[in-house]
Amino acid sequence: MNDNNQYCTFLVDGLLFGVGVKVVQEVIRYQQMTMVPLAPREIGGLINLRGQIVTAVELRRRLGLPDRADAAKPMNVVVRTEEGAVSLLVDEIGEVVSIDPSTFEPPPETLTGAARALIDGVYKLKGRLLLVLNTDKAVNVC
Amino acid sequence: MREREREEMDDFDLVKEFLVESYENLDRLDQDFIALEIDPTATEKLASIFRTIHTIKGTCGCLGFGKLESVAHVGENLLSRLRDGTLGINTEITTALLKLVDAIREILHSIESAQTEGNGDYSALCATLVRLNQAGTAAEADHAAPVPAAEPIAVSMAVMEAPAAVEVHAVAEAAHPAEDDHAPKAAENAEKKASSGDSVAGNAIRVDVELLDKLMTLVGELVLARNQVLQHTAAQQEPALQRTAQRLNLITTELQEGVMKTRMQPIGNLWNKFPRVVRDVANACGKKVRLEMDGRETELDKTIIEAIKDPLTHVIRNSVDHGVEAPEKRRAAGKPEEGCLLMRAFHEGGQVNIEIIDDGKGIDPAIIKRKAVEKGLITADQAARMSEREAVHLVFAPGFSTAEKITNVSGRGVGMDVVKTNIEKIGGTVDIQSRVGEGTTLRIKIPLTLAIIPALIVTSGGERFAIPQVSLLELVRLEEKEAGIELINGTPLYRLRGNLLPLLYLNRQLKLTNASKASGENIVVLRAGERQFGLVVDQINDTEEIVVKPLGKQLKSQAVFAGTTIMGDGGVALILDVLGIAQSANVMSQHTDANARTAVHQNGAASADKRTLLLFRLRDEERMAVPLSAVARLEEFDRAKIEHAGNQFVVQYRGKIMPLINLSEVLGDRRAKARMSRRKKTESAAAKAQVVVYTHQGQNVGLLVEWIVDVIDEQIDVETSGVRPGVLGTAIIKGNVTELLDVSAIVQKALDTMGPRAAAACELSDDLLSEPVARAA
């Protein structure tokens, strides 16, 4: 089994996203967050990950999707980046799936807005599409 | 060639070790040369210099650094004659040898960065060294030993031309046989001679700084874990668990301090290079300057030492170049020809003070003003309104250079403003005082460490924030909301002891939504560079030692935050960047500038003589004052927490036992004891005890006072006649006769008379910390 074809999946506003398992450091449930005043709106806050302070990026806002309902608590997908760990705030964690590389296609033309730039491509799974998120671009909030 | 390269890769660790060792030796070399010039008879210095150069030559021969070897070789020849006494040392020789040291350093740097010896041309230097050596020979015709002078020069020329490493190597090998074999023997002798005089610390080991940094991070995490454990166990009834948690608490605190200490280095390590700098600059400007150092052992975090290296060097060069006058001018002014530059370092109030004092011509405010107007930094009108002190501070203005003519030493217009910025970047401050004709004092205050800092935790808009204590001046509480807060053009101001203090509301500044529901206002008075401002927060929580963690890349651009930290409950708090907040809110704008300016004006030139005093009351309304600089901290303890150890009142403070001194008692007031019993009831009524914490030889000592009254900035006339022991003098402050307390005498006396058990308990924790610790490499 090739690690390169394994994807950790999660849901954001009903869309199924995936990031390569190698990039994912860990997946954790909702964490208490400290908000950062004056920060870009895509920044969800700071979480304490066993003594390490990790910036959380609100993927819904990063992708230009509507905000989560107030009561709903996001989950954390902590990914490794060049500047250390960053958490991606998602709605729901899916499973780790193995993908047949031949089902890959470039981002569909119909995809619009901010999401377009952050998606490397699409895998056609049975009955649903898996959007491959470019984590380096996703965490690059400035 | 291939094989050679591979070998070099294998040898890389060896090379690294060689570099580290050589750098260390070279630093010492600079000092030795200067010492030698002052006292040419110090032969043990010569022996040590010779040994260093010989070691470098020998090692680089083994590692195949031919160019370095040949340069070192010429120097060694000259040195060996100096050491044998067949040649006398003079300025020319010293200069040449110092240049040799520079050349070696340059090559070492090149080896470090590019793994090659670089293509610097050292033939002129080699020629000079050989010439000096030969000059000696010619003068002493009876000196029979033939000096193989021509050989090294030829070698070095060849080396300079050789482009490929392999050729260099070949040349270097060719040089081996040419080397006269009395050198190694001489080196042995030198080592024997020197081994008695030069003490090398045998119980120190070299540790990679990266490892120390890692340890520091781990300890930071341990501190947080400890805090959480303590919080959870507090709710548990299990005594064994409680005990273990307490033990964990103590061990963690000690471990933290221990690891912090490993990162500490004496400032002397940095200062070692300054005698050389002073000498070079003085020689270049034809001046005579003596450098004195005081407090070399003062310790600072390694990262801070690194950060102040360049600013300090610049200041030193400046002092010699611009501060100290030429010998003839000094003579004319009735001063000794030799100028004196004094560097002092000492700890004070949890910070390190560094002073650079010269006895030169001082800074003339009139000249400064004229220059500033010429350069368009200020208008003539502004200049006329400026006080002398402000004018002197203009040297910190960007683009200001006072040099009458631009020298190659300093005066290129990048100067003191960079020094100031760099010092402020690490949370320090720079101050300058000068008297025309008498000299200039530059005072730098910097924090001890950047990794773990004391901070004030405040709440605003429901969020916690940490404010570094170094920026904190005082806390003001207004009982009624907005009482005493005035608005000018919508800008809130508060009158603090007659001076207008611009106010910022933290929640508005950070656009926090939750409005404060608390009654009254809490103003945190902060210092941002030269300015002061008040930060209004919802709640002031506590002071804590916090572990500073950097902000993620996404938030780096936030100027108002300096970093983050993890609180005892595991939550994350942001650390405020006081300077950043002030700038983002335009506290530094012209409007407030003008305010500050007039304030300075009113206080006038007297400000230099003013002292900041902490006023407090003892029982029976006795008013006392201590210089605020002597005070480490003000604390309030529950009276119930004050315990006895022997005859001594003590309190647990920051994981240690802090002895408390009852001032009324120590001051020998006979009535005090009688009053003590009478006072018992009222004491228990006031559940809190006010304590002035003073740090004495690394140990905290608390002075019990009745009531802390105020902090004032005032010019006082001290009357010293007829005072009781423990008091320096009396003065009239705010219309009341106030005694100035001699804190160090009182603390010393109290520690002397303290019960042996209490003293032992206090010293125990100190001893544990003063165990020899590994030094950073």
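## An open sheet in chain A

In this predicted model, chain A holds an open sheet of six strands, arranged in the order 8-1-2-11-10-9 and with mixed pairing. Its edges are formed by strand 8 (92–98) and strand 9 (104–105) of chain A, each of which pairs on one side only.

Within this sheet, strand 10 (residues 119–125) and strand 11 (residues 128–133) of chain A run antiparallel to each other and are joined over six bridges. One of the residue pairs can be named: A:Val122 has A:Leu131, in strand 11 of chain A, as its bridge partner.

## Helix 13 of chain B

Helix 13 of chain B covers residues 274–284, and its buried residues are B:Phe274, B:Pro275, B:Val278, B:Arg279, B:Val281 and B:Ala282. Just after helix 13 of chain B comes B:Gly286, whose phi is positive, at about 65°.

## The contact between chains A and B

Chain A contributes 19 residues to the contact and chain B contributes 21 residues. On the side of chain B that touches chain A, at least two residues come from each of helix 10 (209–233), strand 18 (561–566) and strand 19 (572–576) of chain B. Strand 19 of chain B gives the most to this side, with three residues.

By residue class, the side of chain B that touches chain A is made up of nine nonpolar, seven polar and five charged residues.

Conventions. Residues are numbered from 1 along each chain as its sequence is written. Chains are lettered from A and ligands numbered from 1 in the order in which they are written. This is a predicted model: local features need pLDDT of at least 70, side-chain atom pairs count only at pLDDT 80 or more; totals for chains, interfaces and linings use all residues. Two residues are in contact if their C-beta atoms, placed from the backbone, lie within 7 Å. Helices (H or I, at least four residues) and strands (E, at least two) are DSSP runs, numbered from the N terminus. Ala, Val, Leu, Ile, Met, Phe, Trp, Tyr, Cys and Pro count as nonpolar, Asp, Glu, Lys and Arg as charged, and the others, Gly among them, as polar. Two strands pair if DSSP finds at least two bridges between them. A residue is buried if 20 or more other C-beta atoms lie within 10 Å of its own, exposed if 12 or fewer, and partly exposed in between; C-beta atoms are placed from the backbone.
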